[in-house]
Amino acid sequence: MKVVILCGGQGTRLRDITELLPKPMVQIGNRPILWHIMKTYSHYGVKDFVLCLGYKGWKIKEFFLNFKAMTRDFTVTLGDHNTAEFHDTVEESEWKVTLAETGDEAMTGARLWKARKYLEGEEHFCLAYGDCLGDINISELIEFHKSMKRVATITGARPPSRFGELSVEENAVTSFDEKPNIGEGWVSSGFMVFDGRRVWDYLWPGDDLILEKEPLPSLARDGQLAVYRHNRFWIGMDTMREYNTLNELWSQGKAPWKVWEK
């Protein structure tokens, strides 16, 4: 199965960082957040990626064209740089990555439409945002989608609360949780699965097509949008606060989304 990852956003609320980098290339630890997302899917056997590029997409192309040199030890004989000897076999060697230019101004639905040619013949495919992380069981998500027999499945998640949470009885606080790991409300987490034959009935050409504004609501009205409920960790990297949180979790060895061993 393939996974489409939307990588074209400008990340305006992280402008200090995204002035130089596209948002999916913002680093968590010593790797782009995009790599973390891809490692999650790869852990569950999904290793065929279609990356929809936009803002500063050439930076993402550069990363994958030079992936070995950027991520592995190697020995080079000076005077003949074509004889670089790379050390260690890495799991990413099995990845297949298609880098698709979908335009700087295209919205989310438009990017998916433009990637259609790379999804021909796919009975089902996954879709993810290039700035969200979670400990979502991708295999369970895919099986749930197939069992529901609907056009689309979206993962509902509960984002970390930004405020202290109180438990109150009458006029007394019975417990205080400074920052709960998950909040109460459900949000769209961006981890989706689509029927690769029927979803195109809900999409059309045009850079202004927003997946969340027209196609997904239409699917919901037609009873064709299922929800896979994820009660564990999920976070979208929208601001410096989330960026710092993700880096702190990673540096402390407490990253819930790190489901892979190495």
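By class, how many nonpolar, polar and charged residues are in the lining of the largest pocket? There are 9 nonpolar, 11 polar and 8 charged ones. Ala, Val, Leu, Ile, Met, Phe, Trp, Tyr, Cys and Pro count as nonpolar, Asp, Glu, Lys and Arg as charged, and the others, Gly among them, as polar.

Keep in mind that this is a predicted model: local features need pLDDT of at least 70, side-chain atom pairs count only at pLDDT 80 or more, and totals for chains, interfaces and linings use all residues. Residues are numbered from 1 along each chain as its sequence is written, and side-chain values use heavy atoms, leaving out hydrogens and water.

**The pocket**
- A pocket here is an open set of points on a 1 Å grid over the protein atoms alone, where a 1.4 Å probe fits, with protein on both sides within 12 Å along at least five of seven lines; lining residues have an atom within 4 Å of a point.
- For the largest pocket, 28 residues make up the lining, and Gly9, Gln10, Lys23, Thr108 and Asp131 lie nearest its centre.
- S13 gives the most to that lining, with 3 residues; strands (E, at least two residues) are DSSP runs, numbered from the N terminus.

**The sheet**
- Seven strands line up as S7-S4-S1-S8-S13-S10-S14 in an open sheet with mixed pairing, where two strands pair if DSSP finds at least two bridges between them.
- S7 (96-101) and S14 (225-230) are at the edges with a single partner strand each, so one side of each has no neighbour in the sheet.
- S1 and S8 (residues 124-129) run parallel, joined by 5 bridges.
- Isoleucine 5 has alanine 128 in S8 as its bridge partner.

Conventions
Helix = DSSP H or I, 4+ residues; strand = E, 2+ residues; numbered from the N terminus.
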